[in-house]
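Hello,

Here is the structure you asked to look at. My notes follow below it.

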Amino acid sequence: MSTPSHDPAPNHHDPAQRRDSAPNHAPAPNDDSAPNLDFAGTTPYEDYVQADVLTHLQHLRSDDPGEMVFLVTTQVMELWFTVIVHEWETAAAALRGDDLPAALAALKRSTYELQSLNDSWRPLAQLTPAQFNAYRSALGEGSGFQSAMYRRLEFLLGEKSASMLVPHRGAPRVHAELEKALQEPSLYDEVLRFIARHGQPVPATVLERDLSAKYEPSPQVEAVWTAVYRGEQDSPLVRLGEALTDVGELVWRWRNDHLVATRRAMGSKTGTGGSAGVSWLEKRAAKSVFPELWTARSHV
């Protein structure tokens, strides 16, 4: 017959026993300030944010510890592209409906998002060539110009090119979305249609242009913006022009930050995916979006 066991007297000098005997400070069930901690499945936060999906999308291809920050930073950039495309599509739809306040609000939000996108370069901007080369081969033929969401962003800026759909032929859904975006008016097309409906002499050749082609600057549109900026400075069209200029400036900064980060990491070597690398980025950085808004300033 076994004898009942007796627990030894607590030793209050033993840290482990002190922890075990510490009172449970968890909130009582009837405490109104206590969060709900018991869920049948995943948490509502996880259901909404999909954090578990996001934090398991990093599949490293090298042993270099720096690859993780490169991969996560690139993924964060893709998410910012998605948000900014949403804002500019919202602004374009609002302009089609002659809702200028809604368009200005979306453009304003996008400037904050562009600033955050541009800040994404900071973790990568200090890479030395040796640090970048440690995992560069993991990219293979991968290159940022293959980003479908960035391509949609560029299309909304009027930077249209049917050839940029070619890399996505193997992904039918992505290809279809890009083809649709190629044929639709850009954000700037909607701006010019809006100001034309509000009495500005935008030429028909601009309003009826081939929407799948890259937007080319027009002297007549430059004259329109010159007249707008010579007028009442509190006018709705000046506010619209300034909102677009804010966007254009931040896009220019994005392109230049990309150029500087690439130049620091790899010099003038050929870019991943066979691109021209720095020389190609230099050409992109030299261009302004919404071009007449910048050239008109010389005539005001």
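Helices here (H or I, at least four residues) are DSSP runs numbered from the N terminus, as are strands (E, at least two). Arg253 forms a salt bridge with Glu249, with the closest N and O atoms 3.0 Å apart. A salt bridge is a side-chain nitrogen of Lys or Arg within 4 Å of a carboxyl oxygen of Asp or Glu. Arg253 is partly exposed at 39% relative accessibility, and Glu249 is partly exposed at 30%. On this scale buried means under 20% relative accessible area, exposed over 50%, and partly exposed in between (1.4 Å probe, protein chains only).

The model is predicted: local features need pLDDT of at least 70, side-chain atom pairs count only at pLDDT 80 or more, and totals for chains, interfaces and linings use all residues. Residues are numbered from 1 along each chain as its sequence is written, and side-chain values use heavy atoms, with hydrogens and water left out.

Confidence

The mean pLDDT of the protein is 88, and 87% of its residues reach 70 or more; pLDDT is the predictor's confidence in each residue, from 0 to 100. Two stretches fall under 50: residues 1-10 and residues 15-23. Beyond four places in sequence, the model has one contact for residues 1-10 and four for residues 15-23, where contact means heavy atoms within 4.5 Å. Where pLDDT is low, the predicted coordinates should not be read in detail.

Overall make-up

The protein has 15 helices and zero strands. Of its 300 residues, 38% are buried. Among contacts with a separation of 6 or more, 70% are between residues 24 or more positions apart. The accessible surface is about 17,500 Å², and carbon and sulfur atoms account for 56% of that (Shrake-Rupley method with a 1.4 Å probe; for residues, only the protein chains shown count as cover).

Core

The largest nonpolar core has 57 residues, and Trp88, Trp225 and Leu240 touch the most other members. A nonpolar core is a set of buried Ala, Val, Leu, Ile, Met, Phe, Trp, Tyr and Cys residues joined through side-chain atoms within 4.5 Å. Helices that each supply at least two residues of this core include α4 (67-96), α5 (100-119) and α13 (236-266). The most comes from α13, with 12 residues. Leaving aside neighbours within four places in sequence, Trp88 is in contact with Leu107, Ser110, Leu114, Leu153, Leu156, Leu157, Leu187, Val247 and Val251. Apart from this core lies another, of six residues, including Phe155, Leu165, Ala181 and Leu182.

Ile195 is in helix α10 and counts as buried because its relative accessibility is 0%. Not counting residues up to four places away, Ile195 touches Gln200, Val202, Val224, Trp225, Leu237 and Leu240. Ile195 and Leu237 are 42 residues apart in sequence, with their C-alpha atoms 7.3 Å apart in space.

Other salt bridges

How many salt bridges does a search of the whole structure find? The count is 13. One of them joins Arg197 and Asp98, with the closest N and O atoms 2.9 Å apart. This pair links distant parts of the chain, 99 residues apart: Arg197 is in helix α10 and Asp98 is in the loop between α4 and α5. Arg197 is partly exposed at 42% relative accessibility, as is Asp98 at 40%. Glu184 pairs with Lys180, with the closest N and O atoms 2.5 Å apart. Lys180 lies in helix α9 (residues 172-183) and is exposed at 52%. Glu89, Arg152, Arg173 and Glu177 are linked in a network of salt bridges.

Points to check by eye

Glu292, in helix α15 (residues 291-295), is buried yet has no salt bridge; the nearest side chain of opposite charge, Arg209, is 9.0 Å away. For that search Lys and Arg count as positive and Asp and Glu as negative, while His and the chain ends are not counted. The contacts of Glu292 beyond four places in sequence include Tyr188, Tyr215 and Trp225.

Most residues other than glycine have a negative phi. Phe290 has a positive phi of about 55 degrees; Phe290 lies in the loop between α14 (278-285) and α15 and is buried at 1% relative accessibility. Asp98 also has a positive phi, near 60 degrees.

Regards
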